[in-house]
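Please look through the structure shown here. The paragraphs after it go from one part to the next.

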Amino acid sequence: MTEFIDLHVHSTCSDGTLTPEELVQLSAAKGLRAFALTDHDQVSGIERARREALRLGGSPQVIPGIEISSEWQNSEIHILGYDLDPAHPALQSYLDEFLKEREDRNRKMAEKITAAGCPVTVEEVTERFPEAVLGRPHYARIMVEKGFVTSVAAAFQQYLGDQGPCYVNRRRIPSRDAVQLILSCGGHPVLAHPLQYGFSKDRLESFAQLLKDSGLEGMECLYSGYSVSDSEKLMQLAKRHGLFVTGGSDFHGANKPQIELGTGINGNLAVPYSLLSDAGIC
């Protein structure tokens, strides 16, 4: 009998709406053999998820992960890291610097949202989401709760999207550095959702080679919304560059209600447990 996993999952410690404990419980209820907690630039939920899995008898398996926001040629690129040491000094140094920059960005964003007609402060958002590393999804939810917009999607479309009047840019590390950081922490670096960047076939090919030369080990070929054809083409790309294949839903709970844990959009996702052993993860 095939066992299934989900290697791309977010909790309230970044921009998901379920706690690490609730993710473990939902994974168990769905019969997943394992899942990777891959919060954005954050690892604070990993130990909580592990403790909850132990409380449930050791299942599902919790794979320590992260999703690092990086940049290549002015494009935001996400690099997943699996089975890394959450307490590694190099990772903690990066996260400390990331948090300082994010605090400054959040204050500027609050000022812009207030100027747009929806009074809000960082302190208010922090009190509402005490466990989270604050970002645009949290401000979007506050805007909905205040009745300023009708939905999180509307908040992004009208105000918080990359071209929106309340968007505040932030510095990201180069993608090659993100790969090297994950490697230095004993982890396995993987390029997340390769088709989401809008690259041409040739550009994606050259980018994959660039990251491979920097130490990239895998590519997320199975992903919510990707067709069978999409995944097959990505698996061929991964094979050409000697990269292992991973897959995940990019589950965020109510922040992306169309995506289900383990099965993605419309049940189109099925990531077999065998990919873990093929990749040498855990």
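This is a predicted model: local features need pLDDT of at least 70, side-chain atom pairs count only at pLDDT 80 or more; totals for chains, interfaces and linings use all residues.

Helix H9 itself spans residues 228–240, 13 residues in total. From its first C-alpha to its last it reaches 18 Å, close to the 18 Å expected at 1.5 Å a residue.

Which residues of H9 are buried? They are Ser-231, Leu-234, Leu-237 and Ala-238. These residues cover an arc of only 120° around the axis, which puts them on the same side of H9. On the other side of H9, Val-228, Lys-233 and Lys-239 are exposed. The cover over the buried residues of H9 includes helix H8 (201–214), together with strands S7 (218–223) and S8 (244–248).

After H7 comes Gly-186, whose phi is positive, near 80°.

The next topic is a pair of packed helices. Two packed helices are described by the angle between their axes and the distance between the axes. For helix H5 (residues 136–145) and helix H6 (residues 152–160), the angle is about 110° and the axes are 9 Å apart. H5 and H6 are therefore roughly perpendicular to each other. On the H5 side, the residues that meet H6 are Arg-136, Pro-137, Tyr-139, Ala-140, Arg-141, Met-143 and Val-144. On the H6 side, their partners are Val-152, Ala-155, Phe-156, Tyr-159 and Leu-160.

His-8 lies in strand S1, residues 4–9. Is His-8 buried or exposed? Its relative accessible area is 0%, so His-8 is buried. The side chains of His-8 and Glu-67 are joined by a polar contact of 3.0 Å. Leaving aside neighbours within four places in sequence, His-8 is in contact with residues including Ala-36, Thr-38, Leu-80, Ala-192 and His-193. Glu-220, Tyr-223, Gly-248, Ser-249, Asp-250 and Phe-251 are also among the contacts of His-8.

Methods: Residues are numbered from 1 along each chain as its sequence is written. Side-chain values use heavy atoms; hydrogens and water are left out. Helices (H or I, at least four residues) and strands (E, at least two) are DSSP runs, numbered from the N terminus. The expected span of a helix is 1.5 Å times one less than its number of residues. Buried means under 20% relative accessible area, exposed over 50%, partly exposed in between (1.4 Å probe, protein chains only). The arc is that of the directions from the helix axis to the C-beta atoms. Contact means heavy atoms within 4.5 Å. A polar contact is a pair of N or O atoms within 3.5 Å; within protein, one must be able to donate a hydrogen and the other to accept it, and residues adjacent in sequence count only if both atoms are side-chain atoms. Axes are lines fitted to C-alpha atoms, for helices over the stretch in contact, and angles run from 0 to 180 degrees between N-to-C directions. Angles under 35 degrees count as roughly parallel, over 145 as roughly antiparallel, 65 to 115 as roughly perpendicular and the rest as oblique.
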